[in-house]
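Hello,

I am passing a structure on to you, as you have not worked with it before. Please open it first, and then read my notes below.

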Amino acid sequence: MTASPSAEPGAVDLVTLGQRLRHLRKSKNMTLEQLSEAVGRAPSQLSLIENGKREPKLSVLQALAGALGVGLQELLRAEAPSRRAGLEIELAHFQRSPAYESLGLPSVRGGRRLPADALESLVGLHRELNRLLTEQSATPEVARRANAQLRDDMRERDNYFAEIEQAAAKVLLSVKHTTGPLSQRGILDIAAQLGFTLHYVNDLPGSTRSVTDLANRRIYLPQVASGKGHDPRAVVLQTLGHFVLGHPEPADYGDFLRQRVEANYFAAALLMPEKFAVLFLREAKADRALAIDDFRDAFGVSYETAAHRFTNLATHHFGIPVHFTRVHENGIVYKAYENDGVRFPRDVTGAIEGQPICRKWASRTIFQADDPYSSFYQFTDTSAGTYWCTVHIESTRSGEFSVTVGTPYEHARWFRGGDTTRRTVSRCPDPDCCRRPPADLVDRWAGNAWPSARVHSHLLAALPPGTFPGVDAQDVYEFLDRRS
């Protein structure tokens, strides 16, 4: 029996552990009550462990191994104790997957009352479903999996990267920046300190935001802003960040995404230095008036940059868990982060980006507000708890996007707007929440509607080729040749 796809290397799989515990207990002809008496634990606690629903402490594992007369390693082996147990483990993992949970179907227990042929059939059907879903998402699968892994890493660190904060602080110190937001003059000083000159041109390759000539230490930038919402200061600092952080050429798509996140973090840490940003937020929290709008205005950055920067600092410095989304007006998630337990929609690869978000969430309801461009706050009751959100709409050439920062109910008291009376209830992933049209609409229009779908060609394409995906290397080399 191979390891479950959901099990991480080196991790203890709780479902397998539970199966091994049950197998060893029964091989010793022990009842659950007898084993619980031997280890001094309630039968209900051991039942949760055997069903893969509780992770036991090391002391409990040692006591269980001792009572069963086996070594600890025998109890923790990754292999299923039998073929039947292996199938039950596989079924349990499939039923815990985001793809199955999104169907809203009940879980089937794989215990001894389930006939062997029924178990075989269920696992076979799940394998085929998983294969088809993976096949359907295979075109951008590499990018989605890499992005999902990157988000897990960010969550593990509460989106706070101490080494990048230190690198940014060192750079600021080198140009004697000692107070407040970073000015344009400060950015020029940083570039010079790192041995680069900035050159603004009108013929930058269309697939790039900047091009760096490493031979002559020149950074080429567009003469005018791109109109896509990019802060020109941030573009310079992101480019410099790659060199300050010692990034080599990315070896794969995962490297490329990680380096981009780190360079963006570095730029934000310079535009909104940790020391001054934390001082500003601490004073606002003391007044119970945390507000992304004020944070943005104090440092002269975009709302999205301020929202991202808030997620870097809120949990590490103030113990406030948060989530962040950037959602298109059509309801599709473009960016997302959470460490507060909110349950984003996911596809079979674990990716959130590209998924439709619940219509009852603040990132969607703001588009139906009477005045969506004013301050917008909302509480949302979900299956994972109640969350408070503050939302802002940004207009771009690609349409309007809502930028959301949210936190669990109990932390709303620290924010301006934490006393809002606007409240919704989300039952997603229950399809009846918002994914199925109301019955009266179905009765009226089913069979009488024929929409002509807008097909985005990038959905059908493979990942853009090259070390830096989507960049035309020939255009870049010809550009540098003209400028050398």
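UniProt lists residues 21–75 as "domain: HTH cro/C1-type", in an unreviewed entry. UniProt positions are given in the numbering used here, feature names are shortened, and annotations may be inferred rather than shown by experiment. In the model, this span is 69% helix and 0% strand, and its end C-alpha atoms lie 7 Å apart. Helices (H or I, at least four residues) and strands (E, at least two) are DSSP runs, numbered from the N terminus.

Before going on, please keep in mind that this is a predicted model, where local features need pLDDT of at least 70, side-chain atom pairs count only at pLDDT 80 or more, and totals for chains, interfaces and linings use all residues. Residues are numbered from 1 along each chain as its sequence is written, and side-chain values use heavy atoms, with hydrogens and water left out.

Six strands form an open sheet in the order 5-4-8-7-6-9, with mixed pairing (two strands pair if DSSP finds at least two bridges between them). Strand 5 (333–338) and strand 9 (423–425) are at the edges with a single partner strand each, so one side of each has no neighbour in the sheet.

What does strand 6 pair with in the parallel sense? Its parallel partner is strand 9, over three bridges. Thr-380 stands opposite Thr-424 there, and Asp-381 stands opposite Val-425. Strand 6 is also joined to strand 7 (residues 385–396) by seven bridges, and these two run antiparallel. Tyr-377 has Thr-390 as its bridge partner in strand 7, and a hairpin of two residues links strand 6 to strand 7. Six of the seven residues of strand 6 are buried (under 20% relative accessible area, with a 1.4 Å probe and protein chains only), so strand 6 is largely enclosed by the rest of the structure.

Leu-103 sits in the loop between helix 7 (98–101) and helix 8 (116–136). Is Leu-103 buried or partly exposed? Leu-103 is partly exposed, with a relative accessible area of 41%, where partly exposed lies between the buried limit and the exposed one of over 50%.

Best wishes
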